[in-house]
Amino acid sequence: MSKPALDLRDVEVVYERRGRERVRAVAGASLAVERGQIVGLVGESGCGKSSLARAAVGLVRPTAGTVVFEGREVTPLTRRARARELARLQMVFQNPYSSLNPRRKIGSQLADALDALDLAPRRGRRARVAELLELVGLLPSAAARYPHQFSGGQRQRIAVARALAADPSVLVLDEPLASLDASAQAQVANLLVDLSRRLSLSLLLISHDLAIVRHVADVVSVMYLGVMVETGPTQPLWSLPLHPYTEALIGAVPHPDGRGFLPEALPGEVPDPARPPAACRFHPRCPYAFDRCKQEDPLLRRVAPGRTAACWLQTGSGPPARPAEQAQRLPLLHTEE
Ligand SMILES: Nc1ncnc2c1ncn2[C@@H]1O[C@H](COP(=O)(O)OP(=O)(O)O)[C@@H](O)[C@H]1O
Ligand SMILES: [Mg+2]
(Lines give C-alpha, C1' and ligand atoms only; values in the text may rest on other atoms or scores of the structure.)
(Ligands and ions follow the chains in the order given, each with its own letter.)
Protein backbone atom coordinates (compact mmCIF):
# COMPACT_ATOMS: atom_id res chain seq x y z
CA MET A 1 0.00 0.00 0.00
CA SER A 2 1.22 3.49 -0.78
CA LYS A 3 2.09 5.92 1.98
CA PRO A 4 -0.69 8.09 3.43
CA ALA A 5 -0.94 11.65 2.12
CA LEU A 6 -0.99 12.92 5.70
CA ASP A 7 0.20 10.83 8.63
CA LEU A 8 -0.16 11.91 12.25
CA ARG A 9 1.68 9.64 14.63
CA ASP A 10 1.23 9.75 18.40
CA VAL A 11 0.77 13.50 18.30
CA GLU A 12 0.66 15.36 21.57
CA VAL A 13 -0.15 19.04 22.03
CA VAL A 14 0.39 20.58 25.45
CA TYR A 15 -0.56 24.14 26.34
CA GLU A 16 0.45 26.13 29.33
CA ARG A 17 -2.50 27.74 31.06
CA ARG A 18 -2.02 30.85 33.18
CA GLY A 19 1.69 30.18 33.28
CA ARG A 20 1.40 27.12 35.53
CA GLU A 21 -1.05 24.43 34.56
CA ARG A 22 -0.30 22.09 31.71
CA VAL A 23 -3.21 21.19 29.47
CA ARG A 24 -2.63 18.09 27.40
CA ALA A 25 -5.19 18.95 24.71
CA VAL A 26 -3.97 16.15 22.43
CA ALA A 27 -2.61 13.24 24.46
CA GLY A 28 -1.05 10.93 21.85
CA ALA A 29 -3.36 10.65 18.84
CA SER A 30 -2.71 8.97 15.50
CA LEU A 31 -4.53 9.38 12.24
CA ALA A 32 -3.73 8.72 8.58
CA VAL A 33 -5.37 10.23 5.51
CA GLU A 34 -4.81 8.14 2.39
CA ARG A 35 -4.65 9.71 -1.07
CA GLY A 36 -8.09 10.84 -2.25
CA GLN A 37 -9.69 9.70 1.00
CA ILE A 38 -12.13 11.64 3.16
CA VAL A 39 -11.43 11.14 6.85
CA GLY A 40 -13.92 12.44 9.41
CA LEU A 41 -12.64 13.49 12.84
CA VAL A 42 -15.45 13.79 15.37
CA GLY A 43 -15.85 14.49 19.08
CA GLU A 44 -17.49 16.99 21.40
CA SER A 45 -16.25 20.53 21.75
CA GLY A 46 -13.07 20.68 23.84
CA CYS A 47 -11.79 17.19 23.02
CA GLY A 48 -8.76 18.47 21.07
CA LYS A 49 -9.85 18.41 17.41
CA SER A 50 -8.70 21.92 16.56
CA SER A 51 -5.41 21.44 18.38
CA LEU A 52 -4.77 18.29 16.35
CA ALA A 53 -5.75 20.11 13.14
CA ARG A 54 -3.34 22.96 13.89
CA ALA A 55 -0.57 20.47 14.49
CA ALA A 56 -1.50 18.70 11.23
CA VAL A 57 -0.90 21.83 9.14
CA GLY A 58 2.11 23.10 11.07
CA LEU A 59 0.40 25.96 12.92
CA VAL A 60 1.49 24.50 16.25
CA ARG A 61 4.41 22.26 17.04
CA PRO A 62 3.44 18.94 18.59
CA THR A 63 5.12 18.46 21.98
CA ALA A 64 5.58 14.81 21.02
CA GLY A 65 4.93 12.65 17.97
CA THR A 66 5.26 13.57 14.31
CA VAL A 67 3.23 14.83 11.38
CA VAL A 68 4.37 13.61 7.96
CA PHE A 69 3.01 15.19 4.79
CA GLU A 70 4.08 13.87 1.38
CA GLY A 71 7.00 12.12 2.99
CA ARG A 72 8.31 15.15 4.91
CA GLU A 73 7.91 16.11 8.53
CA VAL A 74 5.68 19.12 9.10
CA THR A 75 7.00 21.69 11.57
CA PRO A 76 5.93 25.27 12.22
CA LEU A 77 7.42 27.76 9.75
CA THR A 78 7.19 31.49 9.33
CA ARG A 79 4.10 32.62 7.48
CA ARG A 80 6.04 33.19 4.26
CA ALA A 81 7.98 29.94 4.30
CA ARG A 82 4.76 28.11 5.16
CA ALA A 83 2.93 29.56 2.18
CA ARG A 84 5.55 28.06 -0.13
CA GLU A 85 6.71 24.88 1.55
CA LEU A 86 3.32 23.69 2.70
CA ALA A 87 1.22 25.06 -0.15
CA ARG A 88 -0.14 21.63 -0.96
CA LEU A 89 -1.44 21.26 2.60
CA GLN A 90 -4.23 23.78 3.10
CA MET A 91 -6.62 24.55 5.94
CA VAL A 92 -10.19 25.86 5.85
CA PHE A 93 -11.69 27.35 9.02
CA GLN A 94 -15.18 27.39 10.48
CA ASN A 95 -15.96 31.02 9.91
CA PRO A 96 -15.56 32.14 6.29
CA TYR A 97 -16.42 35.71 7.34
CA SER A 98 -13.32 36.13 9.41
CA SER A 99 -11.03 34.29 7.00
CA LEU A 100 -11.93 36.48 3.98
CA ASN A 101 -10.93 40.13 3.73
CA PRO A 102 -14.21 42.13 3.76
CA ARG A 103 -12.68 45.04 1.82
CA ARG A 104 -11.32 43.19 -1.19
CA LYS A 105 -13.18 41.74 -4.12
CA ILE A 106 -13.30 37.97 -4.35
CA GLY A 107 -11.36 37.96 -7.63
CA SER A 108 -8.52 39.98 -6.07
CA GLN A 109 -8.33 37.66 -3.07
CA LEU A 110 -8.10 34.59 -5.27
CA ALA A 111 -5.52 36.33 -7.50
CA ASP A 112 -3.47 37.14 -4.36
CA ALA A 113 -3.45 33.47 -3.44
CA LEU A 114 -2.18 32.61 -6.95
CA ASP A 115 0.42 35.40 -6.89
CA ALA A 116 1.77 34.28 -3.54
CA LEU A 117 2.88 31.07 -5.22
CA ASP A 118 3.54 32.33 -8.77
CA LEU A 119 0.98 29.77 -9.82
CA ALA A 120 -0.59 31.63 -12.70
CA PRO A 121 1.11 34.03 -15.10
CA ARG A 122 -0.50 37.46 -15.10
CA ARG A 123 -2.30 36.81 -18.33
CA GLY A 124 -3.73 33.48 -17.20
CA ARG A 125 -4.87 34.71 -13.81
CA ARG A 126 -8.37 35.86 -14.70
CA ALA A 127 -9.09 32.51 -16.35
CA ARG A 128 -7.72 30.59 -13.37
CA VAL A 129 -9.86 32.67 -10.96
CA ALA A 130 -12.94 31.89 -13.06
CA GLU A 131 -11.98 28.23 -13.07
CA LEU A 132 -11.60 28.17 -9.26
CA LEU A 133 -15.02 29.78 -8.84
CA GLU A 134 -16.54 27.28 -11.25
CA LEU A 135 -14.96 24.42 -9.28
CA VAL A 136 -16.87 25.48 -6.16
CA GLY A 137 -20.13 26.06 -8.02
CA LEU A 138 -20.03 29.85 -8.39
CA LEU A 139 -20.28 32.03 -11.50
CA PRO A 140 -17.21 33.91 -12.81
CA SER A 141 -19.10 37.15 -12.10
CA ALA A 142 -18.58 36.45 -8.36
CA ALA A 143 -15.01 37.73 -8.85
CA ALA A 144 -16.24 41.32 -9.04
CA ARG A 145 -18.16 41.18 -5.76
CA TYR A 146 -17.31 41.54 -2.05
CA PRO A 147 -17.67 38.88 0.68
CA HIS A 148 -20.73 40.53 2.30
CA GLN A 149 -22.65 40.10 -0.95
CA PHE A 150 -22.68 36.32 -0.49
CA SER A 151 -24.53 33.93 1.81
CA GLY A 152 -22.68 31.93 4.47
CA GLY A 153 -22.62 28.85 2.27
CA GLN A 154 -21.29 30.82 -0.70
CA ARG A 155 -18.60 32.41 1.44
CA GLN A 156 -17.49 28.98 2.61
CA ARG A 157 -17.31 27.95 -1.08
CA ILE A 158 -15.08 30.98 -1.70
CA ALA A 159 -12.86 30.01 1.23
CA VAL A 160 -12.53 26.55 -0.32
CA ALA A 161 -11.75 28.10 -3.73
CA ARG A 162 -8.97 30.14 -2.14
CA ALA A 163 -7.50 27.02 -0.56
CA LEU A 164 -7.72 25.27 -3.95
CA ALA A 165 -5.76 28.11 -5.58
CA ALA A 166 -2.61 26.55 -4.10
CA ASP A 167 -3.36 23.28 -5.91
CA PRO A 168 -3.35 21.29 -2.65
CA SER A 169 -3.29 17.53 -2.26
CA VAL A 170 -4.72 17.66 1.27
CA LEU A 171 -7.33 19.97 2.78
CA VAL A 172 -7.82 20.09 6.55
CA LEU A 173 -11.27 21.57 7.27
CA ASP A 174 -12.02 22.54 10.87
CA GLU A 175 -15.80 22.61 11.41
CA PRO A 176 -16.40 24.00 7.90
CA LEU A 177 -20.15 23.42 8.13
CA ALA A 178 -20.79 24.47 11.72
CA SER A 179 -21.78 28.07 10.99
CA LEU A 180 -24.13 27.18 8.11
CA ASP A 181 -27.86 26.42 8.06
CA ALA A 182 -28.98 22.87 7.30
CA SER A 183 -29.48 23.27 3.58
CA ALA A 184 -26.16 25.09 3.06
CA GLN A 185 -24.50 22.37 5.17
CA ALA A 186 -25.78 19.68 2.83
CA GLN A 187 -24.73 21.62 -0.27
CA VAL A 188 -21.22 22.36 0.94
CA ALA A 189 -20.86 18.77 2.17
CA ASN A 190 -21.81 17.51 -1.31
CA LEU A 191 -19.37 19.96 -2.89
CA LEU A 192 -16.54 18.63 -0.71
CA VAL A 193 -17.24 15.04 -1.73
CA ASP A 194 -17.42 16.08 -5.38
CA LEU A 195 -14.12 18.01 -5.19
CA SER A 196 -12.38 15.14 -3.45
CA ARG A 197 -13.43 12.73 -6.23
CA ARG A 198 -12.74 15.09 -9.14
CA LEU A 199 -9.36 16.32 -7.93
CA SER A 200 -8.21 13.19 -6.03
CA LEU A 201 -8.04 15.50 -3.05
CA SER A 202 -7.61 14.09 0.46
CA LEU A 203 -9.80 15.68 3.11
CA LEU A 204 -9.54 15.71 6.88
CA LEU A 205 -13.02 16.89 7.84
CA ILE A 206 -13.46 17.90 11.46
CA SER A 207 -16.90 18.15 13.01
CA HIS A 208 -18.63 17.75 16.36
CA ASP A 209 -21.55 16.24 14.44
CA LEU A 210 -21.19 12.60 13.48
CA ALA A 211 -24.50 12.74 11.58
CA ILE A 212 -22.94 15.12 9.03
CA VAL A 213 -19.62 13.33 8.81
CA ARG A 214 -21.44 10.07 8.22
CA HIS A 215 -22.68 11.26 4.82
CA VAL A 216 -19.29 12.51 3.69
CA ALA A 217 -16.42 10.53 5.16
CA ASP A 218 -14.98 7.21 3.98
CA VAL A 219 -13.55 6.52 7.42
CA VAL A 220 -14.10 8.10 10.82
CA SER A 221 -11.87 8.72 13.83
CA VAL A 222 -13.65 9.43 17.10
CA MET A 223 -11.72 11.57 19.59
CA TYR A 224 -12.37 11.90 23.31
CA LEU A 225 -10.35 14.09 25.67
CA GLY A 226 -7.21 14.10 23.52
CA VAL A 227 -7.14 10.46 22.40
CA MET A 228 -8.73 8.37 19.66
CA VAL A 229 -11.30 5.99 21.09
CA GLU A 230 -12.57 4.41 17.87
CA THR A 231 -11.65 4.37 14.18
CA GLY A 232 -13.18 2.55 11.24
CA PRO A 233 -15.03 2.71 7.92
CA THR A 234 -18.03 5.02 8.21
CA GLN A 235 -20.98 2.74 7.52
CA PRO A 236 -20.04 -0.15 9.84
CA LEU A 237 -19.05 2.33 12.54
CA TRP A 238 -22.42 4.07 12.28
CA SER A 239 -24.48 0.89 12.25
CA LEU A 240 -22.50 -0.91 14.96
CA PRO A 241 -20.35 1.43 17.06
CA LEU A 242 -17.72 -0.40 19.12
CA HIS A 243 -17.05 2.30 21.70
CA PRO A 244 -19.76 3.59 24.06
CA TYR A 245 -18.70 7.15 23.27
CA THR A 246 -19.33 6.61 19.55
CA GLU A 247 -22.68 5.08 20.43
CA ALA A 248 -23.53 8.14 22.51
CA LEU A 249 -22.52 10.52 19.69
CA ILE A 250 -24.87 8.66 17.36
CA GLY A 251 -27.60 8.80 19.99
CA ALA A 252 -27.06 12.50 20.51
CA VAL A 253 -28.34 13.26 17.02
CA PRO A 254 -31.78 12.56 15.54
CA HIS A 255 -31.58 9.24 13.72
CA PRO A 256 -32.46 10.13 10.12
CA ASP A 257 -33.49 6.58 9.26
CA GLY A 258 -35.85 6.42 12.23
CA ARG A 259 -34.92 2.83 13.00
CA GLY A 260 -33.57 1.02 16.02
CA PHE A 261 -33.04 1.95 19.64
CA LEU A 262 -30.86 4.94 20.32
CA PRO A 263 -29.12 5.52 23.65
CA GLU A 264 -29.67 8.72 25.57
CA ALA A 265 -27.29 11.58 24.97
CA LEU A 266 -24.30 11.60 27.31
CA PRO A 267 -24.55 13.05 30.79
CA GLY A 268 -22.09 15.75 31.79
CA GLU A 269 -19.42 17.49 29.75
CA VAL A 270 -15.95 16.71 28.47
CA PRO A 271 -13.72 16.90 31.59
CA ASP A 272 -10.92 19.45 31.77
CA PRO A 273 -7.94 17.96 29.89
CA ALA A 274 -5.67 19.46 32.58
CA ARG A 275 -7.15 16.86 34.94
CA PRO A 276 -8.22 13.82 32.91
CA PRO A 277 -9.92 10.95 34.78
CA ALA A 278 -7.61 8.07 35.67
CA ALA A 279 -7.54 4.76 33.75
CA CYS A 280 -10.13 4.89 30.95
CA ARG A 281 -10.71 8.62 30.60
CA PHE A 282 -14.29 8.02 29.47
CA HIS A 283 -15.33 5.90 32.46
CA PRO A 284 -17.07 8.62 34.56
CA ARG A 285 -19.55 9.20 31.73
CA CYS A 286 -19.82 5.66 30.47
CA PRO A 287 -23.10 3.79 31.05
CA TYR A 288 -21.27 0.44 30.85
CA ALA A 289 -18.23 1.16 33.05
CA PHE A 290 -17.08 -1.65 35.35
CA ASP A 291 -14.17 -2.13 37.76
CA ARG A 292 -11.42 -2.58 35.21
CA CYS A 293 -12.34 0.70 33.48
CA LYS A 294 -11.48 2.57 36.68
CA GLN A 295 -8.17 0.77 37.11
CA GLU A 296 -6.54 0.37 33.71
CA ASP A 297 -6.32 2.48 30.59
CA PRO A 298 -7.57 0.54 27.55
CA LEU A 299 -5.26 0.79 24.54
CA LEU A 300 -6.60 1.40 21.08
CA ARG A 301 -6.76 -2.13 19.67
CA ARG A 302 -7.69 -3.73 16.41
CA VAL A 303 -11.08 -5.25 17.17
CA ALA A 304 -12.34 -6.18 13.69
CA PRO A 305 -10.94 -5.80 10.17
CA GLY A 306 -10.20 -2.11 9.62
CA ARG A 307 -11.63 -1.18 13.01
CA THR A 308 -10.02 -0.15 16.27
CA ALA A 309 -11.49 0.70 19.67
CA ALA A 310 -10.09 1.62 23.08
CA CYS A 311 -12.58 -0.09 25.37
CA TRP A 312 -12.48 -2.96 27.88
CA LEU A 313 -15.84 -4.16 26.54
CA GLN A 314 -14.10 -5.10 23.32
CA THR A 315 -12.10 -8.26 23.75
CA GLY A 316 -10.19 -7.89 20.51
CA SER A 317 -7.24 -10.25 20.40
CA GLY A 318 -5.16 -8.02 18.17
CA PRO A 319 -2.08 -6.11 19.31
CA PRO A 320 -2.39 -2.46 20.29
CA ALA A 321 -2.99 -0.46 17.12
CA ARG A 322 -0.07 1.82 17.92
CA PRO A 323 2.14 0.45 20.65
CA ALA A 324 3.40 3.87 21.68
CA GLU A 325 -0.03 5.46 21.52
CA GLN A 326 -0.65 6.09 25.16
CA ALA A 327 2.85 5.86 26.50
CA GLN A 328 3.42 8.55 29.08
CA ARG A 329 5.97 11.09 28.08
CA LEU A 330 7.23 14.11 29.90
CA PRO A 331 5.48 16.92 28.03
CA LEU A 332 7.64 19.69 26.64
CA LEU A 333 6.32 23.16 26.85
CA HIS A 334 4.58 24.49 23.85
CA THR A 335 3.81 28.11 23.03
CA GLU A 336 1.62 29.19 20.18
CA GLU A 337 3.01 31.37 17.43
N1 LIG B 1 -4.12 28.19 23.37
C2 LIG B 1 -4.61 27.43 24.35
N3 LIG B 1 -4.17 27.54 25.62
C4 LIG B 1 -4.65 26.77 26.61
N5 LIG B 1 -5.58 25.82 26.43
C6 LIG B 1 -6.08 25.65 25.19
C7 LIG B 1 -5.63 26.44 24.08
N8 LIG B 1 -6.30 26.05 22.96
C9 LIG B 1 -7.13 25.06 23.35
N10 LIG B 1 -6.99 24.83 24.68
C11 LIG B 1 -7.70 23.79 25.46
O12 LIG B 1 -7.43 22.54 24.85
C13 LIG B 1 -8.58 21.73 24.86
C14 LIG B 1 -8.90 21.29 23.44
O15 LIG B 1 -9.28 22.42 22.68
P16 LIG B 1 -9.56 22.33 21.12
O17 LIG B 1 -8.39 21.70 20.45
O18 LIG B 1 -9.98 23.68 20.66
O19 LIG B 1 -10.79 21.30 21.07
P20 LIG B 1 -12.00 21.17 20.01
O21 LIG B 1 -11.56 21.74 18.72
O22 LIG B 1 -12.27 19.70 19.95
O23 LIG B 1 -13.16 21.91 20.61
C24 LIG B 1 -9.68 22.55 25.52
O25 LIG B 1 -9.76 22.19 26.88
C26 LIG B 1 -9.20 23.96 25.38
O27 LIG B 1 -9.68 24.76 26.42
MG1 LIG C 1 -12.48 23.20 17.51
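Q: How many helices and strands does the chain have?
A: The chain has eleven helices and twelve strands. Keep in mind that this is a predicted model.

Q: And what percentage of the residues count as buried?
A: Of the 337 residues in the chain, 45% count as buried.

Q: What share of the contacts comes from residues 24 or more positions apart?
A: Taking contacts in the chain with a separation of 6 or more, 65% are between residues 24 or more positions apart.

Q: OK, on to the ligand. Which residues come nearest to ligand 1?
A: That would be Y15, A25, K49, S50 and S51, out of 14 residues around ligand 1.

Q: Which elements supply at least two residues of that shell?
A: There's β1 (6–17), β2 (21–33) and α1 (49–56), each giving at least two residues to the shell around ligand 1. The largest share is from α1, with three residues.

Q: How does the shell split by class, nonpolar, polar and charged?
A: Around ligand 1 you get five nonpolar, six polar and three charged residues.

Q: Is D10 buried or exposed?
A: D10 counts as buried, because it has 20 C-beta neighbours inside 10 Å.

Q: Buried or exposed, for S200?
A: S200 is exposed, because 12 other C-beta atoms lie within 10 Å.

Q: Switching to helix packing: how do the axes of α6 and α7 cross?
A: Helix α6 (residues 152–164) and helix α7 (residues 182–199) have axes that come within 9 Å and cross at roughly 20 degrees. That's under 35 degrees, so α6 and α7 are roughly parallel to each other. Their crossing is right-handed.

Q: Which residues meet there?
A: From α6 it's G152, G153, Q156 and R157, and they meet A184, Q187, V188 and L191 of α7. By class, the residues of the α6 contact with α7 are three nonpolar, four polar and one charged.

Q: What about α4 and α6, at what angle do their axes cross?
A: The axes of α4 (residues 106–115) and α6 cross at roughly 25 degrees and come within 8 Å. α4 and α6 are therefore roughly parallel to each other, and α4 passes α6 in a right-handed crossing. I106, Q109, L110 and A113 of α4 make the contact with I158, A161 and R162 of α6. Those residues divide into five nonpolar, one polar and one charged.

Q: New topic. Which residues of helix α10 are buried?
A: In α10 (residues 244–251), P244, Y245, T246, A248 and L249 are buried.

Q: What do the buried residues of α10 pack against?
A: They pack against β3 (38–42), α8 (210–216), β9 (219–224), β10 (227–233) and α9 (234–239).

Q: Last one: where is A309?
A: A309 is in strand β12 (residues 307–309). A309 is buried, with 29 other C-beta atoms within 10 Å.

Q: Which residues does A309 touch?
A: Not counting residues up to four places away in sequence, A309 touches V229, E230, L242, H243, R301, V303 and Q314. Also, the C-alpha atoms of A309 and S221 are separated by 9.9 Å, and these two are 88 residues apart along the chain.

Conventions:
Residues are numbered from 1 along each chain as its sequence is written. Chains are lettered from A and ligands numbered from 1 in the order in which they are written. This is a predicted model: local features need pLDDT of at least 70, side-chain atom pairs count only at pLDDT 80 or more; totals for chains, interfaces and linings use all residues. Helices (H or I, at least four residues) and strands (E, at least two) are DSSP runs, numbered from the N terminus. Two residues are in contact if their C-beta atoms, placed from the backbone, lie within 7 Å. A residue is near a molecule or strand if its C-beta atom, placed from the backbone, lies within 6 Å of it. Ala, Val, Leu, Ile, Met, Phe, Trp, Tyr, Cys and Pro count as nonpolar, Asp, Glu, Lys and Arg as charged, and the others, Gly among them, as polar. Axes are lines fitted to C-alpha atoms, for helices over the stretch in contact, and angles run from 0 to 180 degrees between N-to-C directions. Angles under 35 degrees count as roughly parallel, over 145 as roughly antiparallel, 65 to 115 as roughly perpendicular and the rest as oblique. A crossing is left-handed if the near helix is turned anticlockwise from the far one by less than a right angle, and right-handed if clockwise.
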